[in-house]
Amino acid sequence: MDILHFNIEENVDGWTVSNGQMSFSAMNFGCTITNLFVPDKNGEKTDVLLGFDTFSGWKNGTQAHNAIVGRFANRIAGGKFFLDGKNYVLDVNNGKNCLHGGFFRYEKQIWQAESFLTDDNAGIVFTRLSRDGEQNFPGNLELKVIYSLNSKNQLVLEYFAKTDKPTPINLTNHAYFNLNGCKGENILNHTVCLDCQQILKVDEMIPTGEFLDVCKDENSVFNFLEPKLVGKDLEKLQKMTGMRGYDHCFVTKADEKNVEKAGWCKSEKSGIKMNIYTNQRGIQFYTGNYLENFTGKSGVLQKPFDGLCFEAQRFPDCMNHKNFPDCILRSGEEYYQKTIYEFLTEKC
């Protein structure tokens with residue numbers, strides 16, 4: 001294991017962590033993973049994360065590339081919730097709804113950070129205090145995020161939080177994967193398999209509280225129980241939903257206590273396969289529907305479907321649905337989220 005520290009600009013530092021086979025780089029601006037190099041079937045190191053070549057790109061980007069999102073990832077209907085006898089009104093930054101915390105985003109803040117190194121793993125520990133009233137959420141929230149790489153070629157993401165007042169919490173990383181690299185090729189020929197028998201039914205991107213069985217014929221576009229090309233049912237999905245692509249919460253078998261394998265993604269072209277493990281009940285499967293109008297790594301103009309997101313998280317808008325699992329963190333409790341992206345190279 002090896003770790004290299006470098007300065008990006010004033011108050012912004014970066015680290016590169018390597019296990020000799022693969023490596024990742026991250027910076028304390030937004031807990032952002034800037035690069036993730038994985039060997040392809042020819043032994044060439046391929047950067048499988050979209051992003052930018054310059055700090056200004058990361059600073060001005062609007063798509064949360066590979067960064068932490070919170071205090072509550074995903075959408076909250078109407079930007080409102082009721083908790084312990086009080087109504088809370090949040091920023092409305094996504095139509096009528098609050099998305100990824102509103103206008104003051106975790107991804108644009110500078111975090112405290114330090115690296116660690118052991119025989120079997122190495123990584124970076126990020127910390128930050130999200131103060132009571134930030135984003136209009138209650139409670140001083142002590143945050144800790146750990147990104148690490150181990151000898152099993154697993155990129156491990158862990159999130160911890162404590163509060164002094166009851167508050168909703170839902171943290172994730174908004175990584176955009178393309179297992180062919182950052183070359184302007186879309187992900188429609190990636191194969192995806194998700195061990196998820198249900199998705200959350202939505203109306204204008206907000207959960208209705210109902211669950212849809214992906215095995216039913218009318219919901220077959222969401223059925224990834226067997227390996228399927230991302231683009232196979234895209235046209236059918238567009239006609240059915242009016243959406244450009246997938247942006248849906250798939251229900252895993254996890255219960256926040258144990259880490260479960262939720263699925264995998266593979267590119268036949270590169271031979272890179274990524275297994276996905278998490279303790280979260282939901283994975284927001286997003287096909288980069290609105291990647292457009294910006295230049296990414298190596299000067300490539302980004303387009304819709306250039307990246308895939310598997311955002312492990314709690315259910316969106318869950319504080320407004322009594323039948324959804326609880327998302328309120330209270331004083332004396334600790335929030336813990338763990339997601340693992342494991343990389344293998346197969347000769348196709």
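How many bridges join strand E18 (residues 198-203) to E19? The two strands run antiparallel and are joined by 5 bridges.

## Basis of the report

This is a predicted model, in which local features need pLDDT of at least 70 and side-chain atom pairs count only at pLDDT 80 or more, while totals for chains, interfaces and linings use all residues. Residues are numbered from 1 along each chain as its sequence is written, and side-chain values use heavy atoms, with hydrogens and water left out.

## An open sheet

Strands (E, at least two residues) and helices (H or I, at least four) are DSSP runs, numbered from the N terminus. Two strands pair if DSSP finds at least two bridges between them. An open sheet is formed by 5 strands with antiparallel pairing, in the order E19-E18-E21-E24-E25. Its edge strands, each pairing on one side only, are E19 (206-213) and E25 (309-313). From one strand to the next, the twist averages 30°; axes are lines fitted to C-alpha atoms, for helices over the stretch in contact, and angles run from 0 to 180 degrees between N-to-C directions.

Within this topic, one residue pair may be located on the structure. Leu 200 has Phe 211 in E19 as its bridge partner.

Buried means under 20% relative accessible area, exposed over 50%, and partly exposed in between (1.4 Å probe, protein chains only). Strand E23 (residues 272-278) is largely enclosed by the rest of the structure, because 7 of its 7 residues are buried. Both faces are covered: one side carries the buried residues Ile 272, Met 274, Ile 276 and Thr 278, and the other carries Lys 273, Asn 275 and Tyr 277, also buried. Lys 273 lies over the face of Trp 264, at 4.5 Å from the ring centre. A charge sits over a ring if NZ of Lys or CZ of Arg is within 6 Å of the ring centre and within 35 degrees of the ring normal.

Strand E22 (residues 260-266) is joined to E23 by 6 bridges, and the two run antiparallel. Lys 261 has Tyr 277 in E23 as its bridge partner. The hairpin of E22 and E23 has 5 residues between the strands, and Gly 271 takes a positive phi near 80° there. E23 also pairs with strand E27 (residues 335-345) in the antiparallel sense, over 7 bridges. Thr 278 stands opposite Thr 339 in E27.

## Nonpolar cores

A nonpolar core is a set of buried Ala, Val, Leu, Ile, Met, Phe, Trp, Tyr and Cys residues joined through side-chain atoms within 4.5 Å. The largest one has 61 residues, and those touching the most other members are Phe 24, Leu 36, Tyr 147, Phe 177, Phe 285, Phe 310 and Phe 343. Strand E13 (residues 141-150) supplies the largest share of this core, 5 residues. Apart from it lies another core, of 17 residues, including Tyr 88, Cys 249, Phe 315 and Phe 324.

## Aromatic pairs

Rings of Phe, Tyr and Trp (its six-membered ring) pair if their centres lie within 6.5 Å; planes under 30 degrees apart count as stacked, over 60 as edge-to-face and the rest as tilted. The structure holds 21 aromatic pairs. Phe 52 and Trp 58 form an edge-to-face pair, 5.2 Å centre to centre with 80° between the planes, and both are buried. Phe 81 and Tyr 88 form a stacked pair, 5.0 Å centre to centre with 15° between the planes.

Ring pairs also link Phe 222, Phe 224, Tyr 246, Phe 250, Phe 285 and Phe 310 into a cluster. The charged end of Lys 228 sits over the ring of Phe 224, 4.3 Å from its centre.
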